[in-house]
Amino acid sequence: MLGVSGNIRTSDAGGPYNVSLLQVQVNEVKAAIAARGPATDKDVVNFALNQECFEGRFDTYGAFGRDFLGDLAGGGPTPLGVKKANLSTTGQALAEEVALIEQGHVTFLRHAGASLPCPLTDITGGFNKFLAQAYGLTPTATAIQEKFGSAFDPFQNDETFFLSVLTLEELGATGAQRPVVTLSRMVYAFMGTQIRAFLIARATNIVPPFGETVQQVFARISAVRDSPGRSTAGRSGTVHTDPRAIAVPASFVNFVPTDIQGITFAAPPSSLRTTFPSPFCSQPSFPH
């Protein structure tokens with residue numbers, strides 16, 4: 001992992017995602033962080049840049065079939081497995097707005113001093129590894145195809161695309177506590193809720209290749225994504241049946257993932273590191 005004021009690299013620097021080496025990697029990163037001292041403001045914005053680049057480039061390719069315009073990517077490599085999404089008229093309009101908002105977040109961070117290039121990400125391969133975990137499979141790029149007959153394509157239709165968009169959006173909104181990320185969490189209240197409403201209206205549609213509904217697939221995604229450092233499993237699903245823990249109406253439809261006080265769920269940066277880099281990002285820029 002490449003930082004700003006020094007390098008933090010695990011012993012398998014080509015991609016620290018070997019589960020058998022996880023504890024070794026954790027110890028190496030802890031030792032490196034301890035040696036470096038406190039994060040600077042520039043470290044913080046560069047940390048946030050990873051997530052915003054990831055979301056923004058995925059959304060931009062899905063909506064427009066191209067990468068960021070200008071120098072927003074900072075010379076970073078083209079994401080792997082990206083293409084224009086096959087969307088309905090309504091889905092296309094929503095995708096374009098989401099993409100432009102995410103581009104705005106990257107612009108904001110660039111103006112705030114973020115200077116690193118966007119990291120290399122593997123979109124289609126990454127989602128297949130992530131969803132393999134959701135289905136209890138070995139998290140490899142081919143596990144879904146072997147189990148269901150074809151790979152998961154995040155760009156296939158409205159359901160696959162916006163399930164993917166929402167997965168990344170809520171990870172960004174709930175995964176950081178720093179003030180620089182407040183913008184993303186504020187915008188999420190509008191954007192994330194709109195995407196949830198879009199999916200809830202399609203809750204019974206079948207998601208390829210799983211043969212399960214939008215509601216069922218997102219419940220699986222939420223269970224995996226919410227597990228590191230979080231106490232209420234599945235709280236971010238589109239349906240939640242325990243109003244003691246989350247603000248939902250009697251129908252249990254969960255448009256906004258907030259706790260009983262109406263506050264967006266959040267998690268420590270350590271859980272963001274656990275969830276975000278693997279399996280999508282081969283070498284993210286994480287200063288701390």
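The protein chain exposes about 12100 Å², and carbon and sulfur atoms supply 58% of that area. The model is a predicted one. Of the 288 residues in the protein chain, buried residues make up 51%.

## Overall architecture

Ten helices and two strands are found in the protein chain. Read from the N terminus on, the elements follow the order α-α-α-α-α-α-α-β-β-α-α-α. Among contacts between residues at least 6 apart in sequence, 66% join residues at least 24 apart.

Asp43 belongs to helix 2, which spans residues 41–64.

## The second largest cavity

A search of the whole structure finds four cavities of 30 Å³ or more. The second largest cavity has a volume of about 50 Å³. Its lining consists of Phe127, Phe130, Leu131, Phe152, Leu163, Ser164, Thr167, Val217 and Ile221. By class, seven of these lining residues are nonpolar, two are polar and none is charged.

Which helices each supply at least two residues of this lining? They are helix 4 (123–134), helix 6 (158–174) and helix 8 (214–225).

## Ser164, a residue of the lining

Ser164 is among the residues that line the second largest cavity, and its place is in helix 6. A polar atom of the Ser164 side chain lies 2.8 Å from the backbone oxygen of Thr160. When residues up to four places away in sequence are not counted, Ser164 touches Phe58, Phe127, Phe152 and Pro154.

Is Ser164 buried or exposed? Ser164 counts as buried because its relative accessibility is 1%, and the limit for burial is under 20%. Asp43 likewise counts as buried, because its relative accessibility is 0%.

| Residue | Helix | Relative accessibility |
|---|---|---|
| Ser164 | helix 6 | 1% |
| Asp43 | helix 2 | 0% |

Methods: Residues numbered from 1 in each chain as written. Predicted model: local features only at pLDDT ≥ 70, side-chain atom pairs only at ≥ 80, totals over all residues. Heavy atoms only, no water. 1 Å grid on protein atoms, 1.4 Å probe; cavity = no way out; pocket = protein on both sides within 12 Å on 5 of 7 lines; lining within 4 Å. Points joined across faces, edges and corners; volume = space filled by probe spheres on them. Helix = DSSP H or I, 4+ residues; strand = E, 2+ residues; numbered from the N terminus. Nonpolar A, V, L, I, M, F, W, Y, C, P; charged D, E, K, R; others polar. Buried < 20%, exposed > 50% of the residue type's maximum accessible area, 1.4 Å probe, protein only. Contact = heavy atoms within 4.5 Å. Areas by Shrake-Rupley, 256 points an atom, 1.4 Å probe, with all protein chains shown as cover. Polar contact = N/O pair within 3.5 Å; in protein donor to acceptor, adjacent residues only side chain to side chain.
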